[in-house]
Amino acid sequence: MKTPVTVLGLGTMGTALARAFTAAGHPTTVWNRTPGRAPGLTGVTRANTVADAVSASPLIVACLLDDASVQEALAPAATEFAGRTLVNLTNGTPAHARRTAVWAAQQGADYLDGGIMAVPAMIGGPAAFILYSGSEAAFEQHAATLSDLARPQFVGTDPGLAALQDLALLSGMYGMFSGAVHALALTSSEKVSPTAFAEQLLVPWLTAMLGSIPALAKDLEHGADGEAGSNLAMQSAGFVNLLDASRDQGVDPALLAPMGELLARAVREGRGDEDLAAVVRLLRTAA
Ligand code: FVH
């Protein structure tokens with residue numbers, strides 16, 4: 001028999017997780033704070049209390065709104081967790097993950113924190129992956145079950161590492177979306193078709209630029225290998241045009257202005273002949 005699982009939280013993501021578990025043949029118990037949520041979800045056992053839901057399975061997956069909702073939901077069932085594995089797929093910070101890991105250990109439970117790199121429609125499909133950190137033994141024990149949700153990737157025994165890398169990936173995504181949003185605001189200030197611009201120019205350009213990210217990471221890790229091909233002094237001079245043209249076109253440069261300030265600061269601090277790895281170092285110094 002497939003491992004019985006419990007899913008806490010039937011929001012759009014929790015519902016997708018429960019559906020993937022049932023589709024893979026796992027006896028699935030679900031609980032949601034507001035009863036009656038996800039009426040279309042069939043083939044599951046609906047528990048009335050968190051304690052009943054936790055006691056039904058050796059593997060408990062929590063996918064709630066935020067860290068506060070996790071604390072609130074789990075507390076009444078604390079005594080039921082002994083000998084079970086708690087997998088928390090709720091978005092949170094490394095500090096949240098480390099604190100929940102301590103809480104789980106105090107209850108005698110194994111703990112895995114996870115970062116879902118997918119939207120609900122992707123769950124159970126080939127492009128979805130989930131980062132996990134925490135108990136390696138629990139990961140090995142449940143990897144096959146967790147792979148019914150998405151490709152599982154263990155990133156370390158420090159429980160905070162999955163949240164850290166989840167948030168880093170989301171940072172990359174929002175940076176990309178910020179640039180795309182600004183680009184579309186700029187071009188739509190004139191009679192440029194947004195669809196044609198996006199499909200024929202923006203996506204090919206961003207795709208080509210993505211290829212430079214491993215070199216940036218390598219420079220950061222090992223130091224620059226020779227002269228910067230696109231030095232920061234040149235980039236800072238060009239960035240001023242980007243901001244000025246935005247204002248001229250009636251487009252607020254709010255999304256991009258911080259990058260211009262960082263480039264200018266790097267140049268002021270004598271790093272004009274370096275590459276973007278210098279900006280990464282500037283950010284870390286600020287922290
Ligand atoms: N949906 C997405 O695209 C992203 C993809 C990546 C991962 N995120 C994270 O997944 C968590 C859940 O997200 P969600 O999309 O399922 O969110 P909602 O549909 O808004 O459902 C929220 C559930 O949380 C329950 N809840 C809220 N507060 C409490 C509380 N104090 N105690 C117990 N449960 C609580 C809520 O219950 P109810 O309002 O129906 O009673 C829903 O079940 C999230 O961390 C994303 O960042 C999703």
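Me: Which residues touch the most other members of the largest nonpolar core?

Reply: This is a predicted model, in which local features need pLDDT of at least 70 and side-chain atom pairs count only at pLDDT 80 or more, while totals for chains, interfaces and linings use all residues. Residues are numbered from 1 along each chain as its sequence is written, and side-chain values use heavy atoms, with hydrogens and water left out. A nonpolar core is a set of buried Ala, Val, Leu, Ile, Met, Phe, Trp, Tyr and Cys residues joined through side-chain atoms within 4.5 Å, where buried means under 20% relative accessible area (1.4 Å probe, protein chains only). Of the 31 residues in the largest such core, those that touch the most other members are Leu17, Leu89, Ile116, Ile123, Tyr132 and Leu149.

Me: Which element supplies the largest share of this core?

Reply: Helices (H or I, at least four residues) and strands (E, at least two) are DSSP runs, numbered from the N terminus. At least two core residues each come from β1 (5–8), α1 (12–23), β4 (59–62), β6 (110–117), β7 (129–134) and α5 (136–146). The largest share, six residues, is that of α1.

Me: Which residues does Ile123 touch, not counting residues up to four places away in sequence?

Reply: Contact means heavy atoms within 4.5 Å. With that sequence exclusion, the partners of Ile123 are Met13, Ala16, Leu17, Ala20, Ile116, Ala118 and Leu149.

Me: How far from an oxygen atom of the ligand does a polar side-chain atom of Arg37 lie?

Reply: A residue is near a molecule if one of its heavy atoms lies within 4 Å of it; of the 21 residues around the ligand, Thr12, Met13, Asn32, Thr34 and Arg37 come nearest. A polar backbone atom of Met13 is 2.9 Å from a ligand oxygen atom, and a backbone N or O atom of Gly11 lies 3.2 Å from one. For the side chain of Arg37, the distance is 2.8 Å.

Me: How much of the area that the ligand exposes when taken alone does the protein bury?

Reply: Accessible areas come from the Shrake-Rupley method with a 1.4 Å probe. Taken alone, the ligand exposes 900 Å². The share that the protein buries is 77%.

Me: Which element gives the largest share of the shell around the ligand?

Reply: The elements giving two or more residues to this shell are α1 and α3 (67–74). The largest share, three residues, belongs to α1.

Notes. Buried means under 20% relative accessible area, exposed over 50%, partly exposed in between (1.4 Å probe, protein chains only). A polar contact is a pair of N or O atoms within 3.5 Å; within protein, one must be able to donate a hydrogen and the other to accept it, and residues adjacent in sequence count only if both atoms are side-chain atoms.
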